[in-house]
Amino acid sequence: MKVSLAVQRRREEYIQQGCPASASLASSHFEAYFDSFVPKGLNAGNFGVGIIPIMNQTQFQVGGHSGSIKKAGGIVNYTVTNTAGFSSFIGRSAFANTFPVFGLQANAWDNPFGPQGKMHNVDQIFQWSETDPCQK
Amino acid sequence: MPEMSKCVFTRIWLLAVVFNLAGCWFAKESDIPGKYTVTQNWGTGHLELRAGGTYIEEVSTKEGLRKTVEGKWKFTDDRRRLIRSPCLNIDHKGVHELVDYCDQSVNRSIGHIQIELEPDFGLAYLK
């Protein structure tokens, strides 16, 4: 995740903002999938998803995610949090907002066989740190 | 999982991904100003992005907590992202701390603009 394009974009913005104490580190499913398919440096504009192969398989698995950037004691900590659930996997959590007119509940298909059953939600956390990039 | 089921499952999933992407694309800067709303189990949030680059966000929870934040926003063409500073950290569990800025994806869908807050839970400001 550290090298995913979505994260790299947000790190660049963090530096542009002057490396403040806290920021969000979220990315949409659309951005993640688009990045996963399109080779770095190729700006395909508003439309079109590139052709397989998938460029970053971890980013592709994670898809959209939440997260934070926090600075303390000259160290910047990056955290990406992701819930790998069935609704997200099958596209329902994105579909609910893409077509809100249907009034779908985004997570209605999570834990289809119970919280401990097959295809239950798995919370993923990716963390790494670096020296304050604004002080390098 | 038997090989046949795996294959069918993969195809259904790929179709779902393609279907979602087909109905969604990156937003333009001119799409951004306006009034957005998010509704969750914990309460509601209202976000007004003004054309001049300022915004106001008002969040109220069912427990009666109200928070109002005013700040600035900018739009970046690099994957169409909205930067708001400062910004309330919101997820499906509720409203958390104020952070220096939020860096959020903005997508268009049919008839809507959505500012993504927590994609895995379908949480987004919608206009």
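Chain A of this predicted model exposes about 6600 Å², and carbon and sulfur atoms supply 58% of that area. For chain B the accessible surface comes to about 6200 Å², with 56% belonging to carbon and sulfur atoms. The largest pocket draws its lining from strands of chain A together with strands of chain B.

**Chain A**

- Chain A contains 5 helices and 4 strands.
- Along the sequence, the elements of chain A are arranged as α-β-α-α-β-β-α-α-β.
- Of the 136 residues in chain A, 51% are buried.
- Among the contacts in chain A with a separation of 6 or more, 61% are accounted for by residues 24 or more positions apart.

**Chain B**

- The secondary structure of chain B consists of 1 helix and 11 strands.
- Starting at the N terminus, chain B shows the order α-β-β-β-β-β-β-β-β-β-β-β.
- When contacts in chain B between residues at least 6 apart in sequence are considered, 40% join residues at least 24 apart.

**Nonpolar cores**

- The largest nonpolar core comprises 25 residues.
- Within this core, the residues with the most contacts are B:Ile32, B:Tyr36, B:Leu49, B:Ile90, B:Ile115 and B:Tyr125.
- Another core, of 14 residues, lies apart from the largest one, and its members include A:Val7, A:Tyr14, A:Ala23 and A:Leu25.

**Largest pocket**

- The volume of the largest pocket is about 520 Å³.
- This pocket is lined by 29 residues, of which A:Ser66, A:Gly67, A:Thr81, B:Asp91 and B:Glu118 are the closest to its centre.
- On the chain A side, strand S2 (66–72), strand S3 (75–84) and strand S4 (122–131) each supply at least two residues of the lining.
- On the chain B side, at least two lining residues each come from strand S7 (87–91), strand S8 (94–99), strand S9 (102–109) and strand S10 (112–118).
- Classified by type, the lining of the largest pocket holds 13 polar, 8 nonpolar and 8 charged residues.

Key
Residues are numbered from 1 along each chain as its sequence is written. Chains are lettered from A and ligands numbered from 1 in the order in which they are written. This is a predicted model: local features need pLDDT of at least 70, side-chain atom pairs count only at pLDDT 80 or more; totals for chains, interfaces and linings use all residues. Side-chain values use heavy atoms; hydrogens and water are left out. A nonpolar core is a set of buried Ala, Val, Leu, Ile, Met, Phe, Trp, Tyr and Cys residues joined through side-chain atoms within 4.5 Å. Buried means under 20% relative accessible area, exposed over 50%, partly exposed in between (1.4 Å probe, protein chains only). Contact means heavy atoms within 4.5 Å. Accessible areas come from the Shrake-Rupley method with a 1.4 Å probe; for residues, only the protein chains shown count as cover. On a 1 Å grid over the protein atoms alone, a cavity is a set of points where a 1.4 Å probe fits but cannot get out, and a pocket is an open set with protein on both sides within 12 Å along at least five of seven lines; lining residues have an atom within 4 Å of a point. Grid points are joined across faces, edges and corners, and a volume is the space filled by probe spheres set on the points. Ala, Val, Leu, Ile, Met, Phe, Trp, Tyr, Cys and Pro count as nonpolar, Asp, Glu, Lys and Arg as charged, and the others, Gly among them, as polar.
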